[in-house]
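Hello,

Here is the structure I promised to pass on to you. Please have a look at it first, and then read my notes below.

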Amino acid sequence: RPVCGSRMALRPADKLRALGLREVDFGDFDRYLTALTEDGRRIEILCKNARRGKKQNPAARQLCYSEFILSDRGGRYTLRDADLVHSFFALAGDIERYALSCYLNELTTALTVPDFDNPALCRLLLYALYALEGGKRDPELVKAAFEWRIMAESGYAPDLISCGVYGEGIENPPVCFSVRAGTAADAKCAGRVGGYAQLVDSTLRAMLHVLTAEPNKVYAFALSGPAREQFCNMAEEYVKYHLGRGFESLQFYQSLQVPIK
């Protein structure tokens, strides 16, 4: 189970910053907004009359990082006001990047627990969206880096230092990795037990980077060729296996992709 902090209740008319993850229309005019607060809590906000003419607030939307004023009545949060801090609406201009951002949101939602804090998640997601918005980073590498790091931050960190078979540190290359075990092994141990794949050297370096870098540096790297393919494919397999589920938004994103070559 993901490791989270303690429950933090909002006071009536409390002010906080949060990123809109998902919208669901409710009734004739209302909307529920799933949001990730800056301290990493997932909350549901009822936005009354959000679909009625002048009552609409563009800051209380998916892909908007905003400052919210909320009323809290027994854990039921209702929007009073919202001021936009940053909008990622520009991602909607590129269907692939928009689909990818929806997947990152859905994965974050799956790894957060309502009203329990995990501050690293919000920073990690915001920097991923900034990287996609900037257009200078390879979207597939942003996706894979996010997958590796959010799994680690949520209690599913892979062990790349110790041999998962022998239990000691790995001193000599090559290093092998098992998606299912979540552990590394030296070549001899990996060959003996099976289920391990040898890592390309630059794949290993990239994995170590995204698992240890500060959130604003996680996506600051590049890969190409077999290392890129291995890094990306393993990250997605790791998420699917350890969470035991797929994601509709990922399926849609993949329908827009050509295979990694």
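Leu-19 sits across from Tyr-65 of β4. The model is predicted, so local features need pLDDT of at least 70 and side-chain atom pairs count only at pLDDT 80 or more, while totals for chains, interfaces and linings use all residues. Residues are numbered from 1 along each chain as its sequence is written, and side-chain values use heavy atoms, with hydrogens and water left out.

Strands β1 (residues 14-26) and β4 (residues 64-73) pair in the antiparallel sense over six bridges. (Strands are DSSP runs of E, at least two residues, and helices runs of H or I, at least four, numbered from the N terminus; two strands pair if DSSP finds at least two bridges between them.) Both belong to a closed barrel of five strands, β1-β2-β3-β5-β4, with mixed pairing.

Next, helix α5. Thr-203, Leu-204, Ala-206, Met-207 and Val-210 are buried there (buried is under 20% relative accessible area, exposed over 50%, partly exposed in between, with a 1.4 Å probe and protein chains only). They lie on the same side of α5, because they cover an arc of only 165° around the axis, taken from the directions from the helix axis to the C-beta atoms. On the other side of α5, Arg-205 and Thr-212 are exposed.

What about disulfides, meaning cysteine sulfur pairs within 2.5 Å? The whole structure has zero. The sulfur of Cys-176 is too far for a bond, because the closest cysteine sulfur, in Cys-163, is 9.2 Å away. For Cys-232, the closest is in Cys-102, at 19 Å, again too far for a bond.

Enjoy exploring!

Definitions and conventions: Disulfide = S-S within 2.5 Å.
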